Amino acid sequence: AGEFKAVRIDLDGESNSMMLVDPRRFKYQIWYAPEVKRYAKIRRQVWDGFDKLIIDDEIELETAQ
């Protein structure tokens, strides 16, 4: 995808649920490149009601092969 400047946006939040195994807390880190009008990278983390990390994934724009 090349090199370009990106803006990082951090988003933290919580959801209310009566079930402790349901996702409760989340954090997103999003890198957006205005000059190409695309997201360059997104990281998502989600914790359950026991504060155990249950999702930690990342999507990143890559160069074509």
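User: At 45% relative accessibility, what does Arg8 count as?
Analyst: This is a predicted model, in which local features need pLDDT of at least 70 and side-chain atom pairs count only at pLDDT 80 or more, while totals for chains, interfaces and linings use all residues. Residues are numbered from 1 along each chain as its sequence is written, and side-chain values use heavy atoms, with hydrogens and water left out. Buried means under 20% relative accessible area and exposed means over 50%, with partly exposed in between (1.4 Å probe, protein chains only). At 45%, Arg8 therefore counts as partly exposed.

User: With which residue does Arg8 form a salt bridge?
Analyst: A salt bridge requires a side-chain nitrogen of Lys or Arg within 4 Å of a carboxyl oxygen of Asp or Glu. For Arg8, the closest N and O atoms of the pair are 2.9 Å apart.

User: How many salt bridges does a search of the whole structure find?
Analyst: A search of the whole structure gives a total of 5.

User: What is the secondary structure pattern of the protein chain, read along the sequence?
Analyst: Helices (H or I, at least four residues) and strands (E, at least two) are DSSP runs, numbered from the N terminus. The protein chain has 0 helices and 4 strands. Read along the sequence, the pattern is β-β-β-β.

User: Which residue meets Arg43 in a salt bridge?
Analyst: The side chains of Asp56 and Arg43 meet in a salt bridge at 2.9 Å, N to O. The pair links distant parts of the chain, joining strand E4 to strand E3 across 13 residues. At 41% relative accessibility Asp56 counts as partly exposed, and Arg43 is partly exposed at 25%. The partner of Arg43 is Asp56.

User: By what distance are the C-alpha atoms of Arg43 and Asp56 separated?
Analyst: Arg43 lies in strand E3 (residues 38-48). Contact means heavy atoms within 4.5 Å; not counting residues up to four places away in sequence, Arg43 touches Lys27, Tyr28, Gln29, Trp31, Asp56, Asp57 and Glu58. The C-alpha atoms of Arg43 and Asp56 are separated by 7.3 Å.

User: Over how many bridges do E3 and E4 pair?
Analyst: Two strands pair if DSSP finds at least two bridges between them. Arg44 has Asp57 in E4 as its bridge partner. The hairpin of E3 and E4 has 4 residues between the strands, and Asp51 there takes a positive phi near 65°. E3 and E4 pair in the antiparallel sense, and the number of bridges is 7.

User: Which side chain of opposite charge is nearest to Asp48?
Analyst: Asp48 lies in strand E3 and is buried yet has no salt bridge. Lys and Arg count as positive and Asp and Glu as negative, with His and the chain ends not counted. The side chain of Asp48 reaches the backbone nitrogens of Phe50 and Lys52, each at 2.9 Å, as polar contacts (N or O atoms within 3.5 Å; within protein, one able to donate a hydrogen and the other to accept it, and residues adjacent in sequence counting only if both atoms are side-chain atoms). At 5.8 Å, the nearest side chain of opposite charge is that of Lys52.

User: What separates the C-alpha atoms of Gly13 and Arg24?
Analyst: Gly13 has its place in strand E1 (residues 7-14). Leaving aside residues up to four places away in sequence, Gly13 touches Arg24, Arg25 and Phe26. Gly13 and Arg24 are 11 residues apart along the chain, and their C-alpha atoms are separated by 8.5 Å.

User: What percentage of the residues of the protein chain count as buried?
Analyst: Asp48 is one of the buried residues. The protein chain has 65 residues, and the share that counts as buried is 15%.
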